[in-house]
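User: I've got this model open and I'd like to talk through how it holds together. Can we go question by question?

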Protein chains: 2
Amino acid sequence: MLGNFTFSIPTRVHFGDKALDSLKDELARFGETVLLTYGGGSIKKTGLYDRIVGILTDAGKEIVELPGVMPNPTADKLREGAKLAREVSADLILAVGGGSVIDYSKAVSVSAWCDEDPWDKYYLRMEDPDNKIIPVGSVLTMVGTGSEMNGGAVITNPEQKLKIGHVFGDEVFPKFSILDPVLTFTVPERQMVAGIFDMFNHITEQYFSGDDDNTSDYLAEGLMRNVIVSGRHAVKDPENYEARSNLMWDASLALNTLIALGKSTDWEVHMIGQAVGALTDATHGLTLAAVAPAYYRLIMPFGLERFKRFAEHVWDVDPAGKTDKEVAEEGIRRMEEWMQEIGVAKNLTELGVTEDMLDDIVKGTFIMEGGYHVLTKDEILDVLKASM
Amino acid sequence: MLGNFTFSIPTRVHFGDKALDSLKDELARFGETVLLTYGGGSIKKTGLYDRIVGILTDAGKEIVELPGVMPNPTADKLREGAKLAREVSADLILAVGGGSVIDYSKAVSVSAWCDEDPWDKYYLRMEDPDNKIIPVGSVLTMVGTGSEMNGGAVITNPEQKLKIGHVFGDEVFPKFSILDPVLTFTVPERQMVAGIFDMFNHITEQYFSGDDDNTSDYLAEGLMRNVIVSGRHAVKDPENYEARSNLMWDASLALNTLIALGKSTDWEVHMIGQAVGALTDATHGLTLAAVAPAYYRLIMPFGLERFKRFAEHVWDVDPAGKTDKEVAEEGIRRMEEWMQEIGVAKNLTELGVTEDMLDDIVKGTFIMEGGYHVLTKDEILDVLKASM
């Protein structure tokens, strides 16, 4: 049954190879001081930095730079950014980069005017913001997380060995996001395929929940089919505009609440993957890819009907002459073949996980209750061991 | 290729069997004077009118009533509503009803503070609003048009024998819409199935355009599959909540711009159907159902690949041993069987069309250029004759 929900997506998306032309009009809606957040400087190499600074300057903005956002943004970096945003009284935070930079910018947006420690308030205590929120806009350069069109913001605390995602409400969604597929052409293949699996897993995390038959499930199946086809094309030819543009839009739709509407959703793969990320600093999408097959094999008996449907509707498995279990297993097998094909099938060992980390990963894994089976600590360990 | 687009859906949707509980909070965002628009009074029989008036009264609103919105709202009725809305300086127009009432309310919202004749400005000249727009909210009671989540507003001018839809921008979208599937249970089956075909045709109008392979196409296929399944269930048991809730949400997603993003879109079936509606006052969805099969058979050779894909992806036609044309034709045949099954397959004669009206219908049909074939006047006549 399609459960009760509220749909509200306040992000305006400008999409396509002319999308950056819209930045000027968007900037006009905000005040003078723009906090410009970005990562390690790859946007300087590609020339995007100069283009953005040019547009900001032409628009008469005062630019305050906040570079050096790392792939897994830390609580300390969050504190630094929040302090700066408050000091300069930023009117807009403009995030230029991938999911890490945008996640980080949203975390800063709720933290700048917060009088408590933001890690404690928003991550350990998971509270909602009750202070002024600075508006965020984004120019996306790397595809996968969907951060450009949702309220999610993952922050890592290396001292506490925790990587936690807070999913804020629609007041924290970026006010606008600029999505130009051409800006993603320069992303290294390794990161592109990690993003492809990240978005695919966002869809399965929502699809593998509930025993209903509703609109969100059918949309999820359509999105998965497109990610599979477009992923194949993108790996063969990273400058295939059709494939890259489909993937860019798929990623946004995979995690902008649309396909979660009316569903309980699972997210256990992300919980395990984030616990791995907290200890290894491994690329997010690869941590998901490493543990997803073992996790889905473990929970398959508890949601057999849905795994059978996944096999038939998403992977075109012919059920004739097969038991439900055989059909379901064939679906997971085809998913793994596709993961091999796009080059995202790595195990935890390859990501730097060693046996002595496993207990800490288990400890750092949040246990979710929306999926087909609530894991025990022992089962998390089983999944990890099967993924080494 | 996924063409360039801007995505912006400012409507907040409250969905489910408790959705009306959200009306109070929504009302708090607007001023005191609420123009309450509704149709022929069926909401009084069902008790919905009393519930709404109770909520408005509790919220301290001053209610100005604007009842009597007809199934095909007329230009004269629009003028009447615009005058009233301006006289009382309405802060919000609350539309309670189906697509006609919501369409009408949006047309009033842009017309109240317009100093020209709204039919001339917005329909004959198709201009954009450049005056104050009164916000609209909706409580939906009949499913199909998708008006609850878009900027479309169809108005009929019986004297001029014209029924024209103006698709306004996101500033005209309802600010909020209350979607409670239970409120649709009392809709007569004849109107329910007309709505089901209306939403299905909204999807095909967008799907049958372009030769690309993009996200919007995959989402459209998922939506169509859900409409087909849910439509069957709803006809067997109109109080099947899962089916009715799926259909309610499908209808909104079918026409809220989502599956049109990056596509040229066609809309020729709607143009012919609206021309039929201008002369007969027939139910909108039935006019579409009457002409759609003949229209799609006519354009099939020009978009054969897409019609083949429609057959395979939406109707599960097995292509083995068949020519592309045979596969494509089998898809249309299955669509017709489904239309028979849900009881929406009527011809134009049954809708009151007589031979002597055909010339006027051809004259009143706008010719669209986004589909697989641009019709000639003779071809429109052929479609009409084949649909009698």
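User: Which strands does H9(B) lie across, and at about what angle does it run to S1(B)?

Analyst: Before that, a word on ground rules: this is a predicted model, where local features need pLDDT of at least 70 and side-chain atom pairs count only at pLDDT 80 or more, while totals for chains, interfaces and linings use all residues. Residues are numbered from 1 along each chain as its sequence is written, chains are lettered from A and ligands numbered from 1 in the order in which they are written, and side-chain values use heavy atoms, with hydrogens and water left out. Helices (H or I, at least four residues) and strands (E, at least two) are DSSP runs, numbered from the N terminus; axes are lines fitted to C-alpha atoms, for helices over the stretch in contact (heavy atoms within 4.5 Å), and angles run from 0 to 180 degrees between N-to-C directions. H9(B) lies across strand S1 (5-15) of chain A together with S1 (5-15), S5 and S8 of chain B, and its angle to S1(B) is about 150°.

User: What sheet do those strands belong to, and which strands are at its edges?

Analyst: The sheet is open, with mixed pairing, and 12 strands in the order S3(A)-S2(A)-S4(A)-S5(A)-S8(A)-S1(A)-S1(B)-S8(B)-S5(B)-S4(B)-S2(B)-S3(B). Two strands pair if DSSP finds at least two bridges between them. The strands that pair on one side only are the edges: S3 (62-66) of chain A and S3 (62-66) of chain B.

User: By how much are neighbouring strands of this sheet turned against each other on average?

Analyst: Direction is ignored for this one.

User: In S8(B), which residue is the bridge partner of B:Val139?

Analyst: Strand S5 (residues 136-140) and strand S8 (residues 176-179) of chain B run parallel and are joined by four bridges. The partner of B:Val139 in S8(B) is B:Ile178.

User: At about what angle does helix H5 of chain A run to S4(A)?

Analyst: Helix H5 (residues 99-111) lies across strands S2 (33-37), S3, S4 (92-97) and S5 (136-140), everything in chain A. Its angle to S4(A) is about 165°.

User: On to charges. How many salt bridges are there over all chains?

Analyst: A salt bridge here is a side-chain nitrogen of Lys or Arg within 4 Å of a carboxyl oxygen of Asp or Glu. One group forms a network: A:Glu116, A:Lys121, A:Arg125, A:Glu127 and A:Asp130. The search of the whole structure gives 56.

User: How many residues apart in sequence are the parts tied together by B:Lys263 and B:Asp212?

Analyst: These two side chains form a salt bridge at 3.7 Å, N to O. B:Lys263 lies in the loop between helix H9 (241-254) and helix H10 (268-280) of chain B, and B:Asp212 in the loop between helix H7 (189-207) and helix H8 (215-236) of chain B, so the parts they tie together are apart in sequence by 51 residues.

User: And what about B:Asp213 and B:Arg309, how many residues apart are the parts that pair ties together?

Analyst: This salt bridge is 2.7 Å, N to O. B:Asp213 is in the loop between H7 and H8 of chain B and B:Arg309 in helix H12 (residues 304-315) of chain B, so the pair ties together parts separated in sequence by 96 residues.

User: Why is the ring pair of B:Phe30 and B:Phe176 called tilted?

Analyst: Rings of Phe, Tyr and Trp (its six-membered ring) pair if their centres lie within 6.5 Å; planes under 30 degrees apart count as stacked, over 60 as edge-to-face and the rest as tilted. The centres of B:Phe30 and B:Phe176 are 6.0 Å apart and their planes are at 45°, so the pair is tilted.

User: How buried is B:Phe176, as relative accessibility?

Analyst: B:Phe176 is in strand S8 of chain B, 146 residues from B:Phe30. B:Phe30 is buried at 16%, and the value for B:Phe176 is 0%.

Key. Buried means under 20% relative accessible area, exposed over 50%, partly exposed in between (1.4 Å probe, protein chains only).
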